[in-house]
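Welcome! Take a moment to look it over before you start on the points below.

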Amino acid sequence: QVQLVESGGGLAQPGGSLTLSCAASGIIFSTDIAAMGWYRQVPGKEREWVAISSAGSTTYADSVKGRFTISRDNAKNTVYLQMNNLKPEDTAVYYCNLLLIGSRLYWGQGTQVTVSS
C-alpha cells in the first residue's frame, strides 16, 4: 500500500545539477518516518548509501559531501536529493529509502542518473 515514486533522473554534464524527488503515498509523512535516505548502485557493485537522515541528524558519504543535499517536504510527502557539481562517478541508479516507525522499510523504483560530456 505504501508507494514511493521517484523522478528527476536523467542526463547531466559534469558540473551540472539535478534534483531527485521521491513522493510517498499511503503514509502520514510528518509522523510515520523514522529515517530517510538515498542510495545508489552501479552494475556489478553493491548498493551504497549516499545520504541518510535520522533523528534530526544527516550524514553524507564522503564522495558526495558538500555537493549533495537531502531534504524533505512534509506537506508534499516528498524527499529530495539536490545534486550539484555532478561528476561522472555519480552515474548510477539512485534509490529513495524510507524507514517507517515500526521498522518497515520501503524503496523507490530507482531512477537513472548519467553524468557525461
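Strands (E, at least two residues) are DSSP runs, numbered from the N terminus, and two strands pair if DSSP finds at least two bridges between them. This is a predicted model, where local features need pLDDT of at least 70 and side-chain atom pairs count only at pLDDT 80 or more, while totals for chains, interfaces and linings use all residues. Residues are numbered from 1 along each chain as its sequence is written, and side-chain values use heavy atoms, with hydrogens and water left out.

**Strand 3 and its partners**

- Strand 1 (residues 3–7) and strand 3 run antiparallel and are joined by five bridges.
- Val5 has Ala23 in strand 3 as its bridge partner.
- Strand 3 also runs antiparallel to strand 8 (residues 78–83), with six bridges between them.
- Opposite Leu18 you will find Met83, in strand 8.

**The disulfide**

- A disulfide is a covalent bond between the sulfur atoms of two cysteines.
- Here, the term is used for a pair of cysteine sulfur atoms within 2.5 Å.
- Searching the whole structure turns up one disulfide.
- Cys22 and Cys96 are its two ends, with an S to S distance of 2.3 Å.
- Cys22 lies in strand 3 (residues 18–25) and Cys96 in strand 9 (residues 92–100), so the link ties together parts 74 residues apart in sequence.
- The link of Cys22 and Cys96 is left-handed, with -85° about the S-S bond.

**Buried or exposed?**

- Buried means under 20% relative accessible area, exposed over 50%, and partly exposed in between (1.4 Å probe, protein chains only).
- Cys22 is buried, at 1% relative accessible area.
- Cys96 is buried too, with a relative accessibility of 0%.

Notes:
Helices (H or I, at least four residues) and strands (E, at least two) are DSSP runs, numbered from the N terminus.
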